[in-house]
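Hi there,

Here is the structure I promised to pass on. Have a look through it first, and then read on for what turned up.

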Amino acid sequence: MKPSLQDSMPYCVKENKPCVGWVEKYFKDCLCNFRDEFSFVLGLVSLLCWGLAEIPQIITNFRQKSSHGISILFLLTWLIGDIFNIVGCLLEPATLPTQFYTALLYATGTLILALQSLYYDYIYTWWKSRQIDVSQPVEEAKKPLKKPPKPTDSSIPIPNRTVRASPRRDFYYMSARSLAGSATPPIRSNQWSVRSGPPAMEIDNDSSSEDETMHRSSHISSSQPKPIPRSAGYGAFLATSVNMPRQTNALAGVYLGLSGRKLLQEHGAENGVVGQWLGWMMAAIYMGGRIPQIYLNIKRGSVEGLNPLMFIFAVIANLTYVGSIVVRTTEWDKIKATLPWLLDAVACVAMRWAVYGY
Ligand SMILES: NC(=[NH2+])NCCC[C@H](N)C(=O)O
């Protein structure tokens, strides 16, 4: 028997021993027997894996200065699901405290990843294209004066042909110059022998993620593995330090959250019903969230830019999450109350192959 709510010091009645002090203090959970302890350890492993899961993807995005591998829609649905999850865990008493912590932790990780993706997709891209525009006159000024090709070069005279090319041509010339100066062969030159237009212009023109992906993969496969740049290490450290305090220190906010959770759960059955409904909504959103990512993978025909470690950690995290719930109790009422969380985790593991199988 677990301690009654009236007890000021939680106590395991059946086992006739006090709860584990630090677990009680930071997690508001009382571990009375081996089963409870094993469930708690599984919960911690899940927590840790979710804490780590998004860091490899953050590093991959950072190294590639792009988030083209991960669907922003997928991340946004995750975040919406996280909100339902957090509130659901607050209201449903059958959920474990580690579930609540886990929900907080991965919401934080996903928020960082989503902000990073938005940064690379919009701010960074815009800033880069601005830089190209701004540096263009300087580049042009540095260039030794060359006579423009005579209009007579062309068999068909082009009316109003000006010396100053259009911005797109500028970019082409600039790209061609930079390509000439680099050891890297022109992009996809091995794949496309005949083009109707210059390759760099093609890249400028064609922004489809598929082409971008192929360009990246050919570039990556032709290059040697590089050590992780120090700056990426800093990024990882930053990401970890943003995540870890929530995980280890059980900061005041979370602590309050857990105390509030107890209070909310004491409000009885209605909260539990609402909590379960939120859990079902969460499960639907998480599962639906896979669709944009699967679609993106199918569209590109690859999972390039997607860090496999993120998925490996997520699979371990989901499995240990399921373990932590089913090890704790075999009482059908409790299992039934946590069914949305259980089914979601199992379904997400099953759907993993679809996300990564392309
Ligand atoms: N923001 C998050 N990482 N949310 C976790 C989602 C959990 C869900 N079971 C999944 O694997 O997708």
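A polar contact here is a pair of N or O atoms within 3.5 Å. Please keep in mind that this is a predicted model.

With that cut-off in hand, let's start at the ligand. A polar side-chain atom of Arg290 sits 2.5 Å from one of the ligand's oxygen atoms. On its own the ligand exposes 340 Å², and the protein buries 99% of that.

Where does the ligand sit? The space it takes is the largest cavity. Helices H2 (34-64), H3 (72-91), H4 (97-142), H10 (269-300) and H13 (339-356) are the elements that give two or more residues to the shell around the ligand. H13 provides the largest share, three residues.

The residues around the ligand include Trp50, Glu54, Trp78, Tyr106, Tyr286, Asn318, Asp344, Cys348 and Arg352. Sorted by class, the shell has five nonpolar, two polar and five charged residues.

Now for the record. An unreviewed UniProt entry annotates "transmembrane region" at residues 38-60, 72-94, 100-120, 309-327 and 339-356. In the model, residues 38-60 are 100% helix and 0% strand, with end C-alpha atoms 34 Å apart. Residues 309-327 are also 100% helix and 0% strand, and there the end C-alpha atoms are 26 Å apart.

Best wishes

Conventions. Residues numbered from 1 in each chain as written. Predicted model: local features only at pLDDT ≥ 70, side-chain atom pairs only at ≥ 80, totals over all residues. Heavy atoms only, no water. UniProt positions renumbered as here; feature names shortened; annotations may be inferred. Helix = DSSP H or I, 4+ residues; strand = E, 2+ residues; numbered from the N terminus. Near = heavy atom within 4 Å. Polar contact = N/O pair within 3.5 Å; in protein donor to acceptor, adjacent residues only side chain to side chain. Areas by Shrake-Rupley, 256 points an atom, 1.4 Å probe, with all protein chains shown as cover. 1 Å grid on protein atoms, 1.4 Å probe; cavity = no way out; pocket = protein on both sides within 12 Å on 5 of 7 lines; lining within 4 Å. Sits in = over half its atoms within 2 Å of the grid points. Nonpolar A, V, L, I, M, F, W, Y, C, P; charged D, E, K, R; others polar.
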